[in-house]
Amino acid sequence: MLINYDEYRMMYEAEEKLWWYRILHEKVLKEIQNRFQANKQIKILDAGCGTGGLMSFLIKHGYENIQGFDYSLDAVSFCKERNLDVQQTDITNFENVFGQESFDVIVNDDVVYQFDNSTIANIFHTFQSILKSDGIIITNNNAFNVFYGTHDIAVGGKQRFTLSDFEKTLENLPLKITHHTYWSLLLSPLILVVRLTQQIQLKLNLIDLKNIKSDVTVPSDFVNNFFYQIVKLEERLFKKGFFGSSLFLVLRKKL
């Protein structure tokens, strides 16, 4: 789990600006709107909410019935600065925190990479128990081991995923994946160059692991907007991406 206060500060400062967060938040909003149309009264849980950027984004779009939790007290503190309804809770042990079938939407973005597959299965078992029968789970996760780099180390990442990984992990749960897409395809060559370089540096012990930092930094306005527009073009070209550094999933209960 993220334990570095400076990483949370970087996240807090970047969430409303960085192209990657903007794209992810828009993807989440689109899926909520696709499922619930104009209904803004739905109940939303952000499980592993970090510093609350997504929650603030959804509130700005009219979804005020939203709450979140995170294990980190630093993350919760930053959420409180945004006046969000957030509590400190352990995602590996929250089955008694919320009532059965309490939420229409559960969002879990870039959290479960910290855990082994059995723990992930337990987390999603709890998700399905607190999800309403017609609700959805939205989850974004880092994808493909070839993209492994210093960012994974900085945020405590134990693994990266493919669609088949999730299908296998969740096969015994009453959940089905209704939509999936990999993304950042068009930026993948650039990301790969950076990450493969990092992998070589790690093997040669050229990186100080004690002072390692994530990729959560905002580039210049021009570069940031350019990357954002590239991914928006990708979304127009491919309804379902087949490669990229992130895997975006929507799940529903099996009825």
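Student: At what angle do helix α2 and helix α3 pack, and how far apart are their axes?
Tutor: Two packed helices are described by the angle between their axes and the distance between the axes. In this predicted model, the pair to consider is α2, spanning residues 19-36, and α3, spanning residues 53-60. Their packing angle is about 50°, and their axes lie 10 Å apart.

Student: Which residues of α3 meet α2, and how many residues of their contact are nonpolar?
Tutor: From α2, the residues H25, E26, V28, L29 and I32 take part, and they meet G53, L54, F57 and L58 in α3. By class, the contact of α2 with α3 includes 2 polar residues and 1 charged residue, while the number of nonpolar residues is 6.

Student: How many of the residues of α3 are buried, and what covers them?
Tutor: α3 is mostly covered, with 6 of its 8 residues buried, and these are G53, L54, M55, S56, F57 and L58. What covers them includes α2, β1, β2 (66-70), β3 (86-88) and β4.

Student: What length does α5 reach from its first C-alpha to its last?
Tutor: Helix α5 covers residues 117-130 and has 14 residues. At 1.5 Å a residue the expected reach is 20 Å, and the helix comes close to this, with a reach of 20 Å.

Terms used
Residues are numbered from 1 along each chain as its sequence is written. This is a predicted model: local features need pLDDT of at least 70, side-chain atom pairs count only at pLDDT 80 or more; totals for chains, interfaces and linings use all residues. Side-chain values use heavy atoms; hydrogens and water are left out. Axes are lines fitted to C-alpha atoms, for helices over the stretch in contact, and angles run from 0 to 180 degrees between N-to-C directions. Helices (H or I, at least four residues) and strands (E, at least two) are DSSP runs, numbered from the N terminus. Contact means heavy atoms within 4.5 Å. Ala, Val, Leu, Ile, Met, Phe, Trp, Tyr, Cys and Pro count as nonpolar, Asp, Glu, Lys and Arg as charged, and the others, Gly among them, as polar. The expected span of a helix is 1.5 Å times one less than its number of residues. Buried means under 20% relative accessible area, exposed over 50%, partly exposed in between (1.4 Å probe, protein chains only).
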